[in-house]
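Open the structure in your viewer and keep the selection tool at hand. The tour below goes from one selection to the next.

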Amino acid sequence: MTQRIKRMLGLDKQSDYVRKYFYDTNMRASIYMSVVVIVLELWMIVRMTRTIYENHLQAQFWHLTEKYYSNYFLLLSSGLLMLLFAVRALYNFRKCRFAAIVVMIMSAAVCAFEVKMLYEYSPETKTGSDLHNYIILMLSALSMIVFSFVLLKNGEDKKWESLSVMYIFSFECINFGIIISANSYQSGGQILTFLTMELFVICLLVWRPYIGFLVLSASYLVFYYKISDMIDLNTVGKFTGVIDFSTVKTGLGDGIKINGFTMWLSTLLFCISNYNKTLSQAVKEEDLEDVNSYLSKISAYDELTGIHNMVYFRSEADKLLSNSSENKDDFVFLFFDIVNFKYYNEKYGFHEGNDLLKSAANMIDESFKDSLVSRFSDDHFVVLTRYEGADRIISKLCERIHDFEREVHLELKCGAYRPTDGETDPSLACDRARFACGSIKKHYELNFKLYDKALAEKFRLKQYIVNNIDNAIEKGYIKVYYQPVVSTKDRTIVGFEALARWLDPTYGLLPPGAFIEVLEEYRQIHKLDSCIIREVCKEYRRAKDEQLPFAPVSINFSRLDFELCDIVGVLTGYVEEFSVDKSFVDVEITESALTDQQNTLKDAMKRLKESGYTVWLDDFGSGYSSLNVLKDYYFDVLKIDMKFLSDFSENSKSKPILNNIVELSRQIEMRSLTEGVEDKDQFEFLASIGCELAQGYLFSKPMPIDDLRERIYKGELKINEAFIK
Ligand code: C2E
Ligand code: MG
Ligand code: MG
């Protein structure tokens, strides 16, 4: 309840937004009111002057100045001053030197006149109330001189200054109302001026009802006491300019008292309702503002790291690049990538991974203070900054990333692209910087790479691949090369791995290294893999129909295939279409594909197994999570990564490691296959430790199936009896 009353009277606490809203509302009201007052006072001055001349009252000039002109001019100049302050507060309008000087001159004239009146004051000829008036008017004029000086200084808008002027203005309006109405009342006229001025002030003082109410109540009291000693009649008739005090009878009529009281009460209610209306409007707008600022925040900021997002980055970079006054050569786009973040995430979990991202984002954001910094995606960040000095910051950042390192080794790689004049596409620039960054991902010693001509050529190829994959599939540029898998028992072929090649009319023979990653990045890989499945199934049919040598084929599946299409459905479709024996198609999934822990992948693998396919784990040992993968998924064949053989003869640890992996696979009932077998020693070692299968250049490089058949016919390669019918 008390809270309600407090709120009603404006005694409650207000937020900064609401305070500003009231301030603006008051200033806006001040503009209307001051314009009305200025017009009114000018009219009064003209009217009074005309009356003087028409009635030949020149002799009364000083008397009329005392009673009317001084008030008119004071109010005129305070209206003007209020107008100037309000316009400055709302619209930052500052060109008001001339008007401020006019205000100062008028106020100085009023002040000087009041000083004269004070000087000539004598209790015999003047009343105490006259003396009060002189003092009030003189002080008001003085304060206006002070505030017109403030305006002349032409400083920033200060709330207290504008509000002080508003209170002075209100005070002068009320004072004017009291004086004029008292005069009128004394001469039998109405008290309309007083009431009008009261209404003026209520409209002006929207701020806090209790202030408005106090100010107005005080003015009612003053007015009441001023006129309570005066005559209550309308007998004097029309105002003639001369007041005959001898005819005055004192006392205040009940009618006036009741009207005054009613007016005072309505003033209070008006103050409250006006305030509450404005308050609820302010609160509504504040809520709207909060929602807007929240929306604009989430549309411009990355939720996780708190730095800007790509929507913001693109639009700001766009503005910067389209700005003709900026020299494009000064800028550089940077693309940052945290190498091994994936393993970090996996080893320490999602939350710790997020913490690393936040720290890295803050580190980059702080290092490039006056630049555009944003999170691109995952563990990638982009920066648009000045080229000058950027290299120093980058090398520091690459050092500092090690501060976050734990057991997983972290690296920060940075690719850079300098836009040339006429280039305005931030997305393309980011893409190029990203490409430069990707080109050094596997180079341990390099942290920074600028997009140069050689990269531009590679980038063009990348664009070509993305834009032409459909065409390449349609025109048959995609070929399947087969690499034999042999049994270590008798070196006979027990299978083939299907490896994609792109035989392009422009670029020639493209190895998978040139297009697999690109197609994965642009989420097009499923198109290629579906094409390979179809070609393998087709080849199976041909081999069966034409009685050609053949063996089960393992096909590489990308992790993304499971996301981008129903790859199991595609496989089943072609197997049915070409009536393929399911034991002739195996699926290889690389170990790194399984680190994402997605359920779709798990479900798809289950479906593959249930449909009767064998699933191989490819590149075992190339990632961080090998053993977890063995625990969480079921595979038929473990394909040991070729890196274990790459330093086979020099590294004494290679043999025991291979031995243990093969032993492990036996224990968990998986067949083992080692890839990358290039010489006899390696092969014999693998045979000696019981690794069942081997694949490598020692037997054959990947090649078209017909070339392999040639070698089989020549007796260079032998197919296992199980597959000869
Ligand atoms: P992968 O599946 O591990 O395939 C084995 C890679 O090792 C092949 O490279 C093969 O040519 C190479 N290789 C085989 N024996 C030796 C050897 O003795 N020494 C050396 N140094 N290398 C050997 P390739 O054909 O360049 O393929 C590279 C990778 O591209 C593949 O690795 C596979 O991950 C991917 N890939 C190839 N074809 C496809 C495909 O149709 N779909 C998908 N998703 N990925 C494919
Ligand atoms: Mg493979
Ligand atoms: Mg492999």
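Two strands pair if DSSP finds at least two bridges between them; helices (H or I, at least four residues) and strands (E, at least two) are DSSP runs, numbered from the N terminus. This is a predicted model, in which local features need pLDDT of at least 70, side-chain atom pairs count only at pLDDT 80 or more, and totals for chains, interfaces and linings use all residues. Residues are numbered from 1 along each chain as its sequence is written, chains are lettered from A and ligands numbered from 1 in the order in which they are written, and side-chain values use heavy atoms, with hydrogens and water left out.

Stop 1: Select residues 372-377, which are strand 2, and residues 380-386, which are strand 3. The two run antiparallel and are joined by 5 bridges. Ser374 has Val382 of strand 3 as its bridge partner. Both strands belong to an open, mixed sheet of 5 strands in the order 2-3-1-4-5. Strand 2 and strand 5 (448-450) each have a single partner, so one side of each has no neighbour in the sheet.

Stop 2: Asp619 is in strand 11 and Glu675 in strand 13, so the pair ties together parts 56 residues apart in sequence.
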